[in-house]
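Notebook open, model loaded. I want the overall layout before I zoom in on any side chains.

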Amino acid sequence: MTDEDRRARRRGQGELEAQVLAALRNAAGPVTAGWVRERIGGALAYTTVVTILSRLYAKQSVTRERAGRSFVWTPAADEAGLAALRMRKVLDGEPDRGAVLASFVTALSPDDERLLRALLDGADSVDGVAAADGVAAADGAEAETGD
């Protein structure tokens, strides 16, 4: 594929953001937009890279700090952390969190369900009695409201 073919091909939604995040994850530390542009390659304008970084910053996917007159950028989390952030944002945007979580859990594969159960059991053991008290308190609140 020639450079002209690459430029002619339209990127899929989120593809450029994914490339920028991948470049940031491969960096040894905070980097400039120019550094990201060089790593992504192609004929991207510097302003395009800055726009993508700014969008990622608004989504809390990257952090930035002032370095002279510009910024240096770092990913806010690893891939798993960024996926979890996206999941939380979707959940926060829904009025019925319980219905969304129930639908999600019932659609899990048996292996994923076992993994989630093990993770939740591990959280209970870390939190000890406080986690069990929180569940009991939530159950009591549902009983009082009739939910």
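**Layout.** I read along the sequence and got the pattern α-α-α-α-β-β-α-α-α-α. That comes to eight helices and two strands. This is a predicted model, so I went to the confidence values before anything else.

**Confidence.** The mean pLDDT of the chain is 80, and 74% of the residues reach 70 or more. Where does pLDDT stay under 50? I found that stretch at residues 126-147, and there the model has two contacts beyond four places in sequence. I'm leaving that stretch out of my side-chain notes.

I looked up how much of the chain is buried: 18% of its 147 residues. For contacts between residues at least 6 apart in sequence, I noted that 43% join residues at least 24 apart.

**Helix α2.** I picked α2, residues 15-26, to look at closely. Its twelve residues reach 17 Å from first C-alpha to last, close to the 16 Å expected at 1.5 Å a residue. I then listed the buried residues: Leu16, Glu17, Val20, Leu21, Ala23 and Leu24.

**Glu17.** A glutamate on that buried list made me stop. Is Glu17 buried or exposed by its relative accessibility? Its value is 17%, and the cut-off for buried is under 20%, so Glu17 counts as buried. I looked for a polar partner and found Lys59: the two side chains are joined by a polar contact of 2.9 Å. Leaving aside residues up to four places away in sequence, Glu17 touches Ile52, Arg55, Leu56 and Lys59.

**Gln60.** Moving on to the loop between α4 and β1, I stopped at Gln60. Its phi is near 65°, a positive value in a residue other than glycine. For background, most residues other than glycine have a negative phi. I also looked up the exposure of Gln60: it is partly exposed, with a relative accessible area of 49%.

**The two strands.** How many bridges join β1 to β2? I count six, and the strands run antiparallel. I looked up two of the pairs. Val62 has Pro75 of β2 as its bridge partner, and Glu65 has Val72 of β2. The hairpin has two residues between the strands, and in this hairpin Gly68 takes a positive phi near 75°.

**Helix α5.** Last stop was α5, which has 14 residues. I checked its reach too: 20 Å from first C-alpha to last, close to the 20 Å expected at 1.5 Å a residue. In α5 I noted Leu82, Leu85 and Leu91 as buried. What do the buried residues of α5 pack against? They pack against α2 and α6 (97-106).

Conventions: Residues are numbered from 1 along each chain as its sequence is written. Side-chain values use heavy atoms; hydrogens and water are left out. Helices (H or I, at least four residues) and strands (E, at least two) are DSSP runs, numbered from the N terminus. The expected span of a helix is 1.5 Å times one less than its number of residues. Buried means under 20% relative accessible area, exposed over 50%, partly exposed in between (1.4 Å probe, protein chains only). pLDDT is the predictor's confidence in each residue, from 0 to 100. Contact means heavy atoms within 4.5 Å. Two strands pair if DSSP finds at least two bridges between them. A polar contact is a pair of N or O atoms within 3.5 Å; within protein, one must be able to donate a hydrogen and the other to accept it, and residues adjacent in sequence count only if both atoms are side-chain atoms.
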